[in-house]
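Dear colleague,

I am handing over the structure we spoke of, and would be grateful if you could look through it with the notes below at hand.

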Amino acid sequence: MTYHSKIIGYIYSMVIISHNAEETEALGARLGESIQNSDKLFFIAMYGDLGAGKTVFVRGLASVLSPGSRVKSPTYTLVNEYRKGSRPLFHFDLYRISDSDELDGFGFEEYLKNGNCIAEWSENLGDDIPENTIFVKIEKIGESDRRITVDGAEI
């Protein structure tokens, strides 16, 4: 795994080249370690094409924030809840959401207040990005290589 990171004011920025799923999962775990003891709750907005490795990244994050949880894509349930850590981790799949107004019907704001949240297909939120957001973009740059960019809130 190759990476470059820097702190820009209060914004954390990191670009990593992952060569396989294990490295992508390890990066998710690294982010989990960065936020697990914070007094803030974070929203992690994920961007990337189908098959880019978003759920693999979430599996790494959950290995730290909710150890022992079985992570799978919440495509049909919209949200999976992982509650084996000190705070809940809520994993959203927003693929079928056409805009953020659709989230009001199932208590999205309550999830944001009660645990750390990570959402795949965050582009469907439009401009309605919550506070304390960390942005994760995963781009395919080869058969198994990925460029992963992490930008966001002070960690």
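This is a predicted model: local features need pLDDT of at least 70, side-chain atom pairs count only at pLDDT 80 or more; totals for chains, interfaces and linings use all residues.

A search of the whole structure finds six aromatic pairs. One of them joins Tyr 47 and Phe 135, whose rings are stacked, with 6.4 Å from centre to centre and 20 degrees between the planes. This pair links distant parts of the chain, since Tyr 47 belongs to strand E3 (residues 43-48) and Phe 135 to strand E7 (residues 133-140), 88 residues apart. Phe 135 is partly exposed, its relative accessible area being 32%.

Phe 92 and Tyr 111 also form a pair, here edge-to-face, at 5.4 Å centre to centre and with 90 degrees between the planes. Because Phe 92 lies in strand E5 (residues 89-93) and Tyr 111 in helix H3 (residues 108-114), the pair ties together parts that are 19 residues apart in sequence.

As for a charge over a ring, Lys 54 lies over the face of Trp 121, at 4.2 Å from the ring centre.

Finally, Gly 142 is found in the loop between E7 and strand E8 (146-152), and it counts as partly exposed because its relative accessibility is 35%. The C-alpha atom of Gly 142 is separated by 30 Å from that of Ser 98, the two residues being 44 apart along the chain.

Key
Residues are numbered from 1 along each chain as its sequence is written. Side-chain values use heavy atoms; hydrogens and water are left out. Rings of Phe, Tyr and Trp (its six-membered ring) pair if their centres lie within 6.5 Å; planes under 30 degrees apart count as stacked, over 60 as edge-to-face and the rest as tilted. Helices (H or I, at least four residues) and strands (E, at least two) are DSSP runs, numbered from the N terminus. Buried means under 20% relative accessible area, exposed over 50%, partly exposed in between (1.4 Å probe, protein chains only). A charge sits over a ring if NZ of Lys or CZ of Arg is within 6 Å of the ring centre and within 35 degrees of the ring normal.
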